[in-house]
Structure formats: C-alpha cells, structure tokens
Amino acid sequence: MVKVTHISMDHPLYEQEKALRTSVLLEPIGYSFQDYLDMAPGREEVSEHFVAIVDHPSGTRVVGTATLYISEDEHGERVGKVQQVCVDPQRQGEGIGQKLMIAMEARGFGDLGLTQLYCHAQLSALGFYERLGWSCEDQTFLEAGIEHKRMFIAAPKPAES
Ligand SMILES: CC(C)(COP(=O)(O)OP(=O)(O)OC[C@H]1O[C@@H](n2cnc3c(N)ncnc32)[C@H](O)[C@@H]1OP(=O)(O)O)[C@@H](O)C(=O)NCCC(=O)NCCS
C-alpha cells in the first residue's frame with residue numbers, strides 16, 4: 001500500500017526523495033540537484049517535504065515526492081506553492097500523484113489554514129492538476145527553459161450549518 005508522509009530533511013528517506021526528484025524532474029532538463037538549490041537559495045530548507053512510500057523487502061521505498069513552500073502574496077495573504085511533484089516512472093498512473101496532491105491540500109488548507117495553493121505546471125502535466133480541480137492561468141512562461149503555466153486552487157468553502 002502507498003502512504004504519503006511528511007518528512008524533515010534529516011529523515012533517512014530524504015536521500016531517496018532527492019534521488020527521485022533528480023532522476024524524474026531535474027536530469028531530464030539538464031539540471032543537477034545543486035542547480036535546483038541554487039535557483040532559490042534557502043527554499044529547500046523552509047519547504048515542507050512529502051514522500052509517497054511503499055514497503056519493500058529491502059526497506060521502505062520512496063515512489064513519489066512533493067514539496068510545499070509557504071510565502072506571502074502581494075496582499076499579505078499566506079499562500080502555498082506546490083513544487084517538485086513527481087512519481088517513479090514505474091509507478092505512474094496508479095493514483096500516487098493524486099494521493100500526494102490530496103495530502104498537500106489537506107496540509108495547506110486543513111492544517112495551515114491557507115486560502116490558496118498554486119504551482120508552476122509544465123504544459124505536459126496541466127491535465128493532471130485539472131483532474132484535481134485546479135485552474136490554469138492563460139499566460140505561458142519559460143522556467144528552466146520549459147513552458148509552464150501558473151495553476152491554482154482556492155481553499156474549499158466551509159460547509160454551511
Ligand atoms: C504528473 C505525475 C506527477 C502524475 O502522477 P501519477 O501518479 O502518474 O498520476 P495519477 O495516477 O495520480 O493520475 C491521476 C489522474 O490524473 C491523470 N493524469 C496523470 N498524469 C497526467 C498528465 N500528464 N496529463 C493529463 N492527465 C494526467 C490520470 O490519468 C488520472 O486520471 P483518472 O483519475 O481519470 O484516472 C507523474 O506522471 C510524473 O511524475 N510525471 C513526470 C514529472 C512531472 O511532469 N511532474 C509535474 C511537474 S509540473
């Protein structure tokens with residue numbers, strides 16, 4: 001069974017998190033992990049780290065990752081940026097990415113009380129976020145040489161009593 005858990009950078013699974021992010025997200029665009037860190041110094045340390053894990057005879061394996069970075073928008077509202085969402089290519093299409101995103105939304109909206117989450121999505125992944133109810137802005141921009149769009153989702157409205 002796949003479980004999503006929140007880890008710190010000194011957790012033993014952090015090395016696997018970095019390895020998966022490197023092979024699925026960074027190497028394909030010609031980046032090393034250090035190049036990623038250098039793009040936004042200090043962000044890795046203040047982001048929250050989520051991993052999707054499975055039990056394996058050789059020990060726990062990380063099969064998916066996502067990070068959550070909290071900052072303030074231009075109105076002083078705290079918003080969360082979802083980053084580094086990826087799933088082991090051998091396990092894609094099994095609902096693991098969706099599980100990670102549900103965990104991010106539960107953390108952002110449920111625990112942290114944020115009003116909005118956003119991400120910069122590669123065009124090839126827009127449909128993945130849209131399936132989860134995220135909306136897409138019109139403008140396309142380049143990030144790390146790849147076309148992206150800003151996507152966002154607002155906190156669910158509280159149920160009326
Ligand atoms: C994008 C990614 C995270 C999705 O994870 P996943 O575990 O394969 O996705 P899931 O199995 O949870 O898919 C959930 C739903 O989204 C759909 N979906 C998944 N990837 C999609 C994509 N790239 N485009 C459109 N729809 C997609 C699935 O078909 C599924 O739909 P369903 O509910 O109708 O069956 C994964 O494919 C991946 O790591 N891709 C490479 C890295 C990447 O592009 N990351 C995003 C950077 S912005």
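**Close-ups of a predicted model**

**View 1. What helix 1 packs against.** The buried residues of helix 1 pack against strand 1 (3–7), helix 2, helix 3, strand 2, strand 3 and strand 4. Which residues of helix 1 are buried? They are Tyr14, Glu17, Leu20, Arg21, Thr22, Leu25 and Leu26. Keep in mind that this is a predicted model, here and in the views below.

**View 2. Histidine 49, tucked into strand 2.** Here we zoom in on histidine 49, which sits in strand 2. This residue counts as buried because its relative accessibility is 1%, and the cut-off for buried is under 20%. The one of glutamate 44 is reached by the histidine 49 side chain at 3.0 Å. The one of serine 47 lies 3.5 Å from a polar atom of that side chain. Leaving out residues up to four places away in sequence, histidine 49 touches Thr5, His6, Ile7, Met9, Tyr14, Glu17, Arg21, Glu44, Ala66 and Thr67.

**View 3. The largest nonpolar core, and a second one.** Now for the largest nonpolar core, a set of 26 residues in which Val82, Tyr129 and Trp134 have the most contacts. Strand 2 (48–54), strand 3 (61–72), strand 4, helix 4, strand 5, helix 5 and strand 7 each put in at least two residues. Helix 4 gives the most, with 5 residues. There is also a second, separate core, made of 12 residues and including Tyr14, Leu20, Phe33 and Cys86.

**View 4. Tyrosine 129 and its contacts.** What does tyrosine 129 touch, not counting residues up to four places away in sequence? Its contacts are Val85, Met101, Cys119, Ala121, Trp134 and Met151. Trp134 is, like Tyr129, one of the residues with the most contacts inside the largest nonpolar core.

**View 5. The largest pocket and its lining.** The space in the largest pocket comes to about 1000 Å³. Its lining has 39 residues, and Leu25, Gln84, Val85, Gln122 and Tyr129 lie nearest the centre. Helix 1 (14–26), helix 2 (33–39), helix 3 (43–46), strand 4 (78–87), helix 4 (96–111), strand 5 (116–122), helix 5 (126–131) and strand 7 (146–154) each bring at least two residues to the lining. Strand 4 has the largest share, 7 residues. By type, the lining splits into 21 nonpolar, 11 polar and 7 charged residues.

Terms used:
Residues numbered from 1 in each chain as written. Predicted model: local features only at pLDDT ≥ 70, side-chain atom pairs only at ≥ 80, totals over all residues. Heavy atoms only, no water. 1 Å grid on protein atoms, 1.4 Å probe; cavity = no way out; pocket = protein on both sides within 12 Å on 5 of 7 lines; lining within 4 Å. Points joined across faces, edges and corners; volume = space filled by probe spheres on them. Helix = DSSP H or I, 4+ residues; strand = E, 2+ residues; numbered from the N terminus. Nonpolar A, V, L, I, M, F, W, Y, C, P; charged D, E, K, R; others polar. Core = buried A, V, L, I, M, F, W, Y, C linked by side-chain atoms within 4.5 Å. Buried < 20%, exposed > 50% of the residue type's maximum accessible area, 1.4 Å probe, protein only. Contact = heavy atoms within 4.5 Å. Polar contact = N/O pair within 3.5 Å; in protein donor to acceptor, adjacent residues only side chain to side chain.
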